[in-house]
Every structure is written in C-alpha cells, then in structure tokens.
Amino acid sequence: MKKILLIALGAVCSVHTSAQENLAMIADSIRAEGMLLYQHIQICKTGIELIEADTTGRVSLRASDYLSYRNGQEFTLIMPHRGSSQNPVVTSFRFDASGRPQTAHMEVGRHMTAQETAIWELWNLVTDMLKTDPGFKKVRDTYFSVVPIVEGNTRKVYVMSVPVRSNVFVLGNDYLLEFDQNNTLVNRTEFHTNPLMVPHGRKSSGHIHGKSNSPYISATDICTLMLYPKAFDQPSLRVVSPTHVSEWDMASNTLYIEPRMN
C-alpha cells in the first residue's frame, strides 16, 4: 500500500513539474515576441529622432512612412520617399545589435530590396484595411500603429493603439494579423476588447483578460510596458484571466505565469 501511495505521489509531482515547465516555456515565448515587437518600434522611434535632428529638413520632407526589419542581430529602418509608389526609393538607417543612434549607418535615395518591398506591400495592405474594415475599432484619443514583421516564411502585422496625448498610457485594443505567402489574411487575433487608459504615474492593480482573450499577458502588453517603463509608478504589472495570472517585472523585463488559484 505504501509503495502504491509513493508511486501516485511521484506521478502527481511529475505532472505538476511538467505543467510548470510548460508555463515557463509559454512565458519565454511571449516575452521573446514582446521584446521583438518592442525592438521594431524602438528602432522606428530612434530613426525618427535622427531625422528630427537633421537641421536641413531634407530627409524629413522625403520620408512618408517608417518600417523596420531584423537581419541577424542588426535592424534596418527604411523610410519610403513620398510619391515613390513605383520602384520605391528610400532613406534607410542600419543599426547594430545595440540599436544606438551613434552606430547608425544612413543611406539616402536608394531603391528597396526585395525583402523591403515585401514589408512595404504588407504595410500598405494593412493600412488600407484599417480604413475600410469595421472590425478594427479605434478608441478615442488614439491612433493605430502598423508594425509588419516578415522573417522567413512568417508574415504578420501587429496593429497597436497609440495615445495622441503624451500623458496617457494605453494597454489594449491591439491586433495580430497573420498572412500566407500571397498576402492573404489567414488569422486575426484581437487583444483586449476593453482597453486600459490611465494617466502616467498612476498605480494599477493590472487588467483582466476575459474568456474571449488570451489566458496570458500578450506580446503587445509587454511591448507597451517596455516602451513606457515609468508610466506606472510600480515595479510590476499583473494580467489576470479566468485561468492564469501573468506578472511582468518592469525592472528586469522578466515574465512569470502561474495558474490562477480559485
């Protein structure tokens, strides 16, 4: 009898350990995706700062959009020139792994590569969708930021809500669009039907994911928290769903996911 109890206890412990390891893998995957999204947006912000620092104004007058992509450990920012719809011409900044503006290499007036053209076409496709598809619900005092990611066979676009006021922080009303190699939409995911909008500096107990949302924190949440680490005057933020609790540590950029105890 004692032997049977020990075997049963060992089986329970094994299942618990396996579940914890699985949650750790899920957390690592979400964190990696959130950090990649953050890098894309941060590279665009750095490029805009470099353009604004151009006292001649010639580069900023040419640029119409801002798109980034990853090549190994490096990132490149491209800015298609206005009116260059056929055989597009761009200004670009190439950044090393640090992403620091001091290391950026600029090229002005070159033609797009095949990879850049694919990214730009996807950006245009989704930008047009946002104008005509009623499924995208814009929240008051926000605008949509379109972030295409084309790597290997992966073609996806994040659509994120960005506040128009600098003193307001927004979590939610974000979308992930996944496409096949022919740029046909194959999946659309909406994050948070009820966005959280709070002034900078206000403490928050976190926000809730309902049954229709992911049971875990989203990559868009992580990206936003990394872009504005001081927006909440607290060390971490929780996302609570019916089944799990996710906690993002602002200082260490680490993610913990645990089953929710009922």
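## A hairpin to start with

In the hairpin of β13 and β14, four residues sit between the strands, and Asn253 there takes a positive phi near 55°. Strands here are DSSP runs of E with at least two residues, helices are runs of H or I with at least four residues, and both are numbered from the N terminus. This is a predicted model, where local features need pLDDT of at least 70 and side-chain atom pairs count only at pLDDT 80 or more, while totals for chains, interfaces and linings use all residues. Residues are numbered from 1 along each chain as its sequence is written, and side-chain values use heavy atoms, with hydrogens and water left out.

β13 and β14 belong to an open sheet of four strands, ordered β11-β12-β13-β14, with mixed pairing. Two strands count as paired if DSSP finds at least two bridges between them. At the edges you'll find β11 (207-208) and β14, each pairing on one side only.

Helix α4 (residues 219-227) lies across β11, β12 (236-240), β13 and β14, and runs at about 25° to β13. Such angles run from 0 to 180 degrees between N-to-C directions, using axes that are lines fitted to C-alpha atoms, for helices over the stretch in contact. Contact means heavy atoms within 4.5 Å.

β1 and β2 (residues 74-80) run antiparallel and are joined by five bridges. Leu67, for instance, has Ile78 in β2 as its bridge partner.

## A glycine in a loop

Now look for Gly152, in the loop between β5 (142-151) and β6 (154-163). Is Gly152 buried or exposed? Gly152 is exposed, with a relative accessible area of 68%. On this scale, buried means under 20% relative accessible area, exposed means over 50%, and partly exposed is in between (1.4 Å probe, protein chains only).

Gly152 and Gln115 are 37 residues apart along the chain, and their C-alpha atoms are separated by 9.9 Å.
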